[in-house]
Amino acid sequence: MKKFMFFKLLLLFFVLYGSDTTVLSKQCTNTPPKLSSHTFRQELLSSNNGTLKDEMFSHYHLTPTDDLAWANLLPRKILREEDEFSWAVTYKKMKNPAQFKEAGNFLKEVSLHNVRLDPSAIHWRAQQTNLEYLLLLDVDRLVWSFRKTAGLATPGKGYGGWEKPSSELRGHFVGHYLSASAQMWASTHNDTLKDKMSAVVSALNDCQKKIGSGYLSAFPSEFFDRFEAVKPVWAPYYTIHKIMAGLLDQYTLGGNDQALKMATWMADYFYSRVQNVILKYSVERHYYSLNEETGGMNDVLYQLYTITPDPKYLLLAHLFDKPCFLGLLAVQADDISGFHSNTHIPIVIGAQMRYEITGDPLYKVISTYFMDIVNSSHSYATGGTSYHEFWQDPKRLVSNLGKESEESCATYNMLKVSRSLFRWTKEMAYADYYERALTNGVLGIQRGTEPGVMIYMLPLASGVSKAVSYHGWGTKFDSFWCCYGTGIESFSKLGDSIYFEEGNSPGLYIIQYISSSLDWQSGKVVLNQKVDPVSANDPYLRVTLTFSPKGVAGQSSTLNLRIPQWTSSNGAKGTLSGQSLSVPAPGNVLSITRKWNSNDKLTLELPIILRTEAIKDDRPEYASIQAIFYGQYLLAGHTNGEWDIKTGPTKSLSDWITPIPATYNNQLVTFSQMSGDSTFALTNSNHSITMEKIPESGTNTSVHATFRLILKDGSSSSEISKIEDYIGKSVMLEPFDLPGMVLAHKDSDDSLEVSDSSEGLFTLVSGLSGKSQTVSLESGSKKGCFIYSGVNYKAGTDLKLSCNSVSGGVGFNQAASFTLQNGISKYHPISFVAKGQKRNFVMEPLLNFRDESYSVYFNIKA
């Protein structure tokens, strides 16, 4: 077993880092870059291989941080009891001789309590799936390790995965749960969830009181002794950030006053710990020890300061800013290549809070520059970023296309960065980014409507599957990765960035078109937004806004509707109660000011444009690698690895990518058959036809077991209302994922294959077995010969064409009869066929894929 674990860890190392064992990461950290990876750290700590642990941790060291100029702004010894607020005072004098100045007239967040998603929206479905998961989780199991640490009774048993009692990161998910449940309760007012989240807070309060110092975590405080001594330990402040942030969300969204007291007591405890480090050594030593991953400690402490406002929390927040990273961004002297992505994005989020509180423009410059370099050099078409959790060389993303291309946590945090930048600037580019990353980088990390099944990494190579990566799909009770924590938050706050308020005179920005309602308090109106379902065959986004004023007297207010960059002025329309509006160019806003009444109806109709987008790779040989978008939706192709598209001389996308009619779903069928105690389906297995175990939907096998019936000579299927109507008709069988090819038989040996042959005609007749709801497939060129499976076969059995006159008998009739059922796979309403060089591709939104193989990027050449 020890040899196996050693091999597993070595394999993981080479999977993550290849054969080059040189340092791949910049050393803004006390840990070697391999240990910066959450995946590698978890596997290492879970192993019993002491030799490998000693080797890895032997590199644990104090690393110079390039922050001396920053550290010298501070007195060498600060935080003495008699002068504990001196840094706060000094900072104010340096930056604002009087008091802090307001950073700007920012757009205001709209409370989740006032937004409700409409059941027709995919966002609502994702929210409900997440709500089911939050309600599944058990309070005693969530807080098990907290109680153990506090010395309290521990009924039941703890959860597994990263929350198991031996995990050094245990407790992090509980912090996320506090945030997610508060956000979800605000979004739904589900009473059962309110009771459950209150019970978690109460249990944690008991733990904190039992410990008695203000400390609260699922692991002992000894972890921080190791942290401060720069000895190996897995990111204890990362977990503390999650717990404190969750408690603040329970206070601000859940109205739990006790949660605020708990967060404040925790902050006091860690204030004392940091004070002791600085008094014993120096502030530089504090920064050295801080170079382990600390999550968003600066961010949560800035938030705590805005609530209390106690200046020692402002001081402590400053001390969790990471100079070795923010300094590089401040002087714009370096790229971010080599840094662990999700260690550092939260530091920028904290810097954004610093700007909002202090008005120091440096931190606006930092976050703006950061967003620019991520977006210009390190972002995939999804809006996501990172490769094996790190930023790699800029504008070299072809080299980063793999199974571990995009960490979900990083996308979650980049959304926060872009959201703040939009609130500050009202620039539509940030709203466009938010929509892109939310739609393509977040909505698809759930496995359909299965509660508690999510992914860590979003694979982006050619022919990949969300189910086939190092982590694959997680499980409800034994994963609890970092991306599970951010995942449950993402799906609890889907309504938080649709609407933003402006200024003292009521104004509202609508930047996401999601069916929802808003109780607009300052505008004194309830606004209902209805978005028509988007279809490939009707290339328009149609939005309708209606109004229900609150109170007798109307109030004048302004609506600002985002005109996305992905649309076109040609064909864009807007009306207000039947009167035409002038729609501005993409990238701007449509502004309307009036006293809204119940008779008002505002409509917006925006063309949805097909477009290609080159990957961010400036090497000429990769100029043809492109992604395909339909409006905000990134399209992925059903493929096991092929990605070549040849467009010919045309410049119009519509010449090589065409929508799939909605009626085609009525033509999709699956042929099944019993053998022994099992049900099998006729399946395209790499262009051969075999019988395979009947699959569940959302899998490669379900795709390969689905065929489209095409009537002879391309006759219209409009008169076909149900699949039984095909009986007696001559048809071709087109594989779901291979449009343009058909099932055919070889004349040489009567075996079956998928090809572009014209000999693929069959007559669908009533089943030779005589059983109801069965059919047989008779060859159009060899009368009396039928597709035949055999008797008592196993999975993988090849089908062939067999003739009744030769075989005959009951066994033959049974083996040539199949149950005809609706296709297991279905075309998404947004589905297209793209003409490939050797084969065509069925394209649909990436967010809709579950286990099916896909390609996001294609090699598109004329």
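Helices (H or I, at least four residues) and strands (E, at least two) are DSSP runs, numbered from the N terminus. Welcome to this predicted model, in which local features need pLDDT of at least 70, side-chain atom pairs count only at pLDDT 80 or more, and totals for chains, interfaces and linings use all residues. Residues are numbered from 1 along each chain as its sequence is written, and side-chain values use heavy atoms, with hydrogens and water left out.

**The chain as a whole**
- The protein chain holds 25 helices and 36 strands.
- Of its 862 residues, 60% count as buried, meaning under 20% relative accessible area, where exposed is over 50% and partly exposed is in between (1.4 Å probe, protein chains only).
- Among contacts (heavy atoms within 4.5 Å) with a separation of 6 or more, 70% join residues 24 or more positions apart.

**Two loop residues with positive phi**
- Q773 sits in the loop between strand 27 (762-766) and strand 28 (774-779), and its phi is near 65 degrees, a positive value in a residue other than glycine.
- With a relative accessible area of 63%, Q773 is exposed.
- F480 belongs to the loop between strand 4 (457-458) and helix 23; its phi, near 55 degrees, is also positive in a residue other than glycine.
- F480 counts as buried because its relative accessibility is 0%.

**Helix 23**
- Nine of the nine residues of helix 23 (residues 482-490) are buried, so this helix is largely enclosed by the rest of the structure.
- The buried residues of helix 23 include C482, C483, Y484 and E489.

- Helix 20 (residues 361-377) has 17 residues and should span 24 Å at 1.5 Å a residue, which agrees with its end C-alpha atoms being 24 Å apart; the expected span is 1.5 Å times one less than the number of residues.
- D360 caps the N-terminal end of helix 20, with a side-chain oxygen 3.0 Å from the backbone nitrogen of L362.
- Among the buried residues of helix 20 are Y363, I366, S367, F370 and M371.
- Helix 19 (residues 341-358) packs against helix 20 at an angle of about 145 degrees, their axes 8 Å apart; axes are lines fitted to C-alpha atoms, for helices over the stretch in contact, and angles run from 0 to 180 degrees between N-to-C directions.
- Helix 19 contributes I345, V348, A351, Q352, R354 and Y355 to the contact, and helix 20 contributes P361, Y363, K364, S367 and F370.

Definitions and conventions
Polar contact = N/O pair within 3.5 Å; in protein donor to acceptor, adjacent residues only side chain to side chain.
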